[in-house]
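Visitor: Could you walk me through how to read a few features of a model like this one?
Guide: Gladly; let us look at it together.

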Amino acid sequence: MVRRFILALMFAPAAVHAAGGDFKLDRANIDSGNVLSIQRGARVFVNYCLNCHSATAMRYNGLMDLGLTEQQIKDNLLFTGGKVGDPMIIAASRKDQREWFGVEPPDLSVIARSRGVDWLYTYMRSFYRDRTRVTGWNNLAFPDAGMPHVLWQLQGTQVLKSEIEDRGGHKVEHKKLVLESPGTLSPPEYDKLARDLVNYLSYMGEPAQARRVQIGIVVLFFLSLLLVLSWLLKTEYWKDVH
C-alpha cells in the first residue's frame with residue numbers, strides 16, 4: 001500500500017530553518033542503552049519501513065538480544081510467515097520495485113552509520129505537502145525525495161512557509177515548516193517515535209555497540225588498576241636504590 005511505501009530515498013533534516021540552502025540538523029539525542037526505546041523503534045520499523053526496505057544484515061532473532069522472546073517476535077514483529085531466523089527482507093523483487101517506484105528503495109541495515117543519527121532524525125521530521133510532486137510530498141532537508149511521508153497520519157501535515165528578512169538591504173530568505181493539520185500524535189509524541197525509530201536503525205547498524213562500550217569500560221578500569229599496581233611496584237623496587 002502507498003501508506004507503507006517507505007523510505008525510498010533516504011532521510012534528512014527536519015523542523016529546521018534554512019538559509020541559503022544550509023540546514024541545521026536537529027539533535028537526535030538517542031540512548032543506545034535504552035532497550036525499550038529500541039524495541040519501540042523495531043516495531044515502527046517493521047510496521048512502516050519493512051514493506052519496501054530490506055535490512056538484510058539483520059535477522060529477526062537478533063531482536064532476542066533486546067530481551068524479546070521468540071514468541072514475542074513471532075506475534076508482534078514477524079508478519080511475513082517466515083522464520084525467526086530469517087533476515088529482514090521484503091517480498092518484492094528489485095525489478096518490481098524499480099518498475100513501481102522508479103528507484104529501488106535502499107537497504108537500511110547500515111543507513112544510520114552512513115547518514116548519521118542526527119540526519120535521520122531530522123529527515124523524518126521534515127516532510128511537507130507539495131502538490132507538484134508525484135507522491136504529494138517533499139522534504140525540506142532532502143529536496144525532491146522520492147518517497148512519500150508514510151508517517152503523515154501520525155505526524156500530521158506540514159507546509160513550507162517562506163519569510164524574507166531584510167538585513168541592512170540584504171534580503172535573506174528563511175524557510176520553515178508549519179504544522180497545518182495535526183496527526184494522531186502530538187509533536188512531542190511524534191518526535192519520540194522518530195527518535196525511537198532512529199535508535200533502532202542505529203542499533204541495527206551496529207548491534208554489538210552497547211556490549212563493546214561495556215567491555216571498553218571494563219578494560220579501561222583494568223588498565224587503570226594495573227597502572228596503580230605498576231606504580232606501587234616501581235616505588236617499592238626503587239626505594240632502596242641510592
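Visitor: Is C52 buried or exposed?
Guide: Buried means under 20% relative accessible area, exposed over 50%, and partly exposed in between, with a 1.4 Å probe and protein chains only. C52 has a relative accessible area of 7%, so C52 is buried. This is a predicted model, where local features need pLDDT of at least 70, side-chain atom pairs count only at pLDDT 80 or more, and totals for chains, interfaces and linings use all residues. Residues are numbered from 1 along each chain as its sequence is written, and side-chain values use heavy atoms, leaving out hydrogens and water.

Visitor: How many disulfides does the structure hold?
Guide: A disulfide is a pair of cysteine sulfur atoms within 2.5 Å. The structure holds zero. For C49, the nearest cysteine sulfur is that of C52, 9.3 Å away, too far for a bond. C49 is buried as well, with a relative accessible area of 2%.

Visitor: Which side chain does the side chain of R125 make a polar contact with?
Guide: A polar contact is a pair of N or O atoms within 3.5 Å; within protein, one must be able to donate a hydrogen and the other to accept it, and residues adjacent in sequence count only if both atoms are side-chain atoms. Here the partner of R125 is the side chain of D191, at 2.8 Å. R125 counts as buried, at 10% relative accessibility.
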